[in-house]
Amino acid sequence: QIVDLLAKMTIPTQFADWAVKWMRHIHEDQSDTQLAAREALQHAYNDAQKQIDKLTDILVRELINEEEYTCRKDELLLDRSRLKAKLDDAEQTADSWIDRMEKTFDFAKAARDRFESDLNIAARRSIVLSLGSNFTITDKKLTLDMEPVWKLFSRHSDQLYKDLTHVEVDETGVIKEKTTATSAVISSWQSCQVSNTLSTLPLAS
């Protein structure tokens, strides 16, 4: 049953290679916007730090009392902490998403072969657990809550294999020959629910 599940969600290597290349291209197009957002956060963080430093000077000059100082400092420290968390998240999100996206496609194109060829129990168990949660066996039938991303691949796998009768993709994800049929497939893939929905789904870790 596990092999059947893996077979249903297996995607063509050619599509996986193309999709990784395409989504990296999309990520690069968005990098300027992401950089501007990070710079804005950094500016706000630096400003919060300056206000904290100035607050101490104000207290020393006795322009505010200690109660006002403590209250205002707590507010500024909370604001700085919030901005720092956003900065850290902004630094990690893009790169970590790209890494998880590549791992997800790699798993989807090779999990079945790995499961069938690897006799290591721990390796097989890891593959099975990656499929989802709440595994139960009733009357010798396995059921589980499959991860959304694997459900998505399962729904589109057959069509992706059919698409490859019209295109030829090399090992770097580049489509070799462009025809009218190829153009239609590329257009379909670029607007494909598989590619677009991945940006909103939790990917493989």
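Visitor: Why is Thr 10 called buried?

Guide: In this predicted model, Thr 10 has a relative accessible area of 11%. Buried means under 20%. The value of 11% falls under that cut-off, so Thr 10 counts as buried.

Visitor: Where does Thr 10 lie, and which residues does Thr 10 touch?

Guide: Thr 10 lies in the loop between helix H1 (2-9) and helix H2 (13-60). Leaving out residues up to four places away in sequence, Thr 10 touches Ala 108, Lys 109, Arg 112, Ser 157 and Tyr 161.

Visitor: What does Ile 11 touch?

Guide: Again leaving out residues up to four places away in sequence, the list is Ala 16, Phe 105, Ala 108, Lys 109, Phe 153, Ser 157, Leu 160 and Tyr 161.

Visitor: What makes a set of residues a nonpolar core, and which residues have the most contacts inside the largest one?

Guide: The members must be buried residues of the nonpolar kinds, joined through side-chain atoms within 4.5 Å. The largest such core has 28 residues. Those with the most contacts inside this core are Leu 6, Met 9, Ile 11, Phe 105, Trp 150 and Phe 153.

Visitor: Which elements give two or more residues to this core?

Guide: They are H1, H2, helix H3 (66-117), helix H4 (121-130), strand S2 (141-146) and helix H5 (148-163). The largest share, seven residues, comes from H3. There is also a second, separate core of six residues. Ala 48, Leu 83, Leu 87 and Ala 90 are among them.

Visitor: Which residues do ring pairs link into a cluster?

Guide: Phe 15, Phe 105, Phe 107, Trp 150 and Phe 153. Rings pair if their centres lie within 6.5 Å. The structure holds four aromatic pairs.

Visitor: How do you know that the charged end of Arg 124 sits over the ring of Phe 115?

Guide: The charged end is 4.6 Å from the ring centre. The cut-off is within 6 Å, and the charge must also be within 35 degrees of the ring normal.

Visitor: Why are Asp 139 and Lys 140 called exposed?

Guide: Exposed means over 50% relative accessible area. Asp 139 has 74%, so Asp 139 is exposed. Lys 140 has 77%, so Lys 140 counts as exposed too.

Visitor: Where are Asp 139 and Lys 140 found, and what is the phi of each?

Guide: Asp 139 is found in the loop between strand S1 (132-138) and S2. Lys 140 also has its place in the loop between S1 and S2. Phi of Asp 139 is near 50°. Phi of Lys 140 is near 65°. Both values are positive, in residues other than glycine. Most residues other than glycine have a negative phi.

Visitor: How many helices and strands are in the chain?

Guide: There are seven helices and two strands. Along the sequence the pattern reads α-α-α-α-β-β-α-α-α.

Visitor: How much of the chain counts as buried?

Guide: Of the 205 residues, 33% count as buried. The accessible surface comes to about 13,000 Å², and 50% of that belongs to carbon and sulfur atoms.

Visitor: What is the confidence of the model?

Guide: The average pLDDT of the chain is 76, and 73% of the residues score at least 70. Over residues 199-205, pLDDT stays under 50. For that stretch the model has 16 contacts beyond four places in sequence.

Key
Residues are numbered from 1 along each chain as its sequence is written. This is a predicted model: local features need pLDDT of at least 70, side-chain atom pairs count only at pLDDT 80 or more; totals for chains, interfaces and linings use all residues. Side-chain values use heavy atoms; hydrogens and water are left out. Rings of Phe, Tyr and Trp (its six-membered ring) pair if their centres lie within 6.5 Å; planes under 30 degrees apart count as stacked, over 60 as edge-to-face and the rest as tilted. Helices (H or I, at least four residues) and strands (E, at least two) are DSSP runs, numbered from the N terminus. Buried means under 20% relative accessible area, exposed over 50%, partly exposed in between (1.4 Å probe, protein chains only). Contact means heavy atoms within 4.5 Å. Accessible areas come from the Shrake-Rupley method with a 1.4 Å probe; for residues, only the protein chains shown count as cover. pLDDT is the predictor's confidence in each residue, from 0 to 100.
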